[in-house]
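Student: Hi! Can we go through this structure together? I'd like to hop between a few topics.
Tutor: Happy to, go ahead.

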Amino acid sequence: MRDAVRALLDDIDNRRDTITEAADLMLTAVDGGGLVHAAGAGHSLAMVCETFYRAGGLAAVRPLWDPEILPLAGARRSSVAEREPGRGRAVVAAAAPTPSDVVVVFSTSGRNPYPVEVAQEALARKVPVIAVTSLPASAAASDRTGTRLADHATVVLDTGVPPGDVAHPADEPRTSAVSTILCSYLWSLLLAELTDLATARGTKLPLWTSSNVPGGDEHNAELMARYGDRIPELTGPPA
């Protein structure tokens with residue numbers, strides 16, 4: 001299992017050109033005062049959480065999501081919801097991203113209407129789209145839209161997740177999902193590339209600091225004040 005995961009991680013390392021392209025899109029957005037909108041459905045929502053309000057993470061991130069697509073709110077219902085036409089477009093319409101922003105869509109199969117519609121609607125609004133998906137898994141998945149997420153992206157970041165998101169046993173995989181491992185690694189590479197690009201251009205990224213280190217609360221309070229009005233998920237509904 002360890003060797004299989006390491007081989008998949010090495011494959012991601014060999015696709016650094018697209019990571020640089022994605023980092024350039026994100027830096028252009030953040031430097032221009034825009035936001036990074038992160039979307040996903042089902043277990044891909046784990047990656048939306050990874051991008052949002054995370055120690056060491058980018059502060060200019062707004063999560064795009066619908067409570068109906070969260071498995072914790074009803075597993076069977078969430079699977080049905082992400083296949084319902086119109087739901088992805090509605091989420092983007094409610095957030096109203098602009099061309100100065102960028103949308104990142106996480107979806108391993110990239111075949112359900114929800115992630116496809118999020119990407120389509122963003123592009124229709126002239127907003128660049130970064131698709132974090134698996135081309136092998138997408139090619140083998142059930143076709144529910146006649147298209148796939150990778151077809152509607154400015155940049156595609158291929159995670160290489162095997163079809164079915166299972167990796168063990170090697171001869172007949174049926175357990176041990178790897179999508180979260182690979183997506184988290186890819187996102188960390190993207191943040192590292194983003195930081196290096198910002199340094200090279202003489203700019204400073206708005207990054208969260210752990211609130212459990214000295215000065216963390218004060219640093220994060222400044223970022224809350226900077227982005228709270230545009231990212232309502234940072235402050236939540238009024239008390």
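Student: What covers the buried residues of α6?
Tutor: The cover includes β1 (36–40), β2, α5 (87–95), β3 and β4 (129–133). Keep in mind that this is a predicted model.

Student: How many residues of α6 are buried?
Tutor: Nine of its 12 residues are buried, so α6 is largely enclosed by the rest of the structure.

Student: Which ones are they, buried in α6?
Tutor: Pro 113, Tyr 114, Pro 115, Val 116, Glu 117, Val 118, Ala 119, Glu 121 and Ala 122. Two glutamates, Glu 117 and Glu 121, are on that list.

Student: What does α6 reach from its first C-alpha to its last?
Tutor: Helix α6 covers residues 113–124 and reaches 16 Å, close to the 16 Å expected at 1.5 Å a residue. After the helix comes Lys 126, which has a positive phi near 65 degrees.

Student: New topic, the core. Which residues have the most contacts inside the largest nonpolar core?
Tutor: Met 26, Leu 58, Ile 130 and Leu 157, in a core of 67 residues. Helix α8 (residues 179–200) gives the largest share of this core, with 10 residues.

Student: What is Ile 130 in contact with, beyond its neighbours in sequence?
Tutor: Leaving out residues within four places, Ile 130 contacts Ala 22, Leu 25 and Met 26, then Val 102, Val 103, Val 104 and Val 105, and also Val 155 and Leu 157. Met 26 and Leu 157 are also among the residues with the most contacts inside the core.

Student: Switching to aromatics. How many aromatic pairs are there in the whole structure?
Tutor: Three. One of them is Tyr 53 with Trp 208, an edge-to-face pair at 5.0 Å centre to centre, with 90 degrees between the planes.

Student: Where do Tyr 53 and Trp 208 sit in the chain?
Tutor: Tyr 53 is in the loop between α3 (45–51) and β2 (61–64), whereas Trp 208 is in the loop between α8 and α9 (216–227). The pair links distant parts of the chain, 155 residues apart. Tyr 53 is partly exposed at 46% relative accessible area, while Trp 208 is buried at 3%.

Student: What about Phe 106 and Trp 187, what sort of pair do they form?
Tutor: That pair is edge-to-face too, at 6.0 Å centre to centre and 65 degrees between the planes. Phe 106 lies in strand β3 (residues 102–106) and Trp 187 in helix α8, so the pair ties together parts 81 residues apart in sequence. Phe 106 is buried at 1% relative accessibility, and Trp 187 is buried at 5%.

Student: Which residues form an aromatic cluster?
Tutor: Phe 52, Tyr 53 and Trp 208 form one.

Student: Last one: which residues does UniProt list for "domain: SIS"?
Tutor: The UniProt record, an unreviewed entry, lists residues 26–200. Over that stretch the chain is 39% helix and 13% strand, and the end C-alpha atoms are 15 Å apart.

Note on methods. Residues are numbered from 1 along each chain as its sequence is written. This is a predicted model: local features need pLDDT of at least 70, side-chain atom pairs count only at pLDDT 80 or more; totals for chains, interfaces and linings use all residues. Side-chain values use heavy atoms; hydrogens and water are left out. A nonpolar core is a set of buried Ala, Val, Leu, Ile, Met, Phe, Trp, Tyr and Cys residues joined through side-chain atoms within 4.5 Å. Buried means under 20% relative accessible area, exposed over 50%, partly exposed in between (1.4 Å probe, protein chains only). Helices (H or I, at least four residues) and strands (E, at least two) are DSSP runs, numbered from the N terminus. Contact means heavy atoms within 4.5 Å. Rings of Phe, Tyr and Trp (its six-membered ring) pair if their centres lie within 6.5 Å; planes under 30 degrees apart count as stacked, over 60 as edge-to-face and the rest as tilted. UniProt positions are given in the numbering used here, feature names are shortened, and annotations may be inferred rather than shown by experiment. The expected span of a helix is 1.5 Å times one less than its number of residues.
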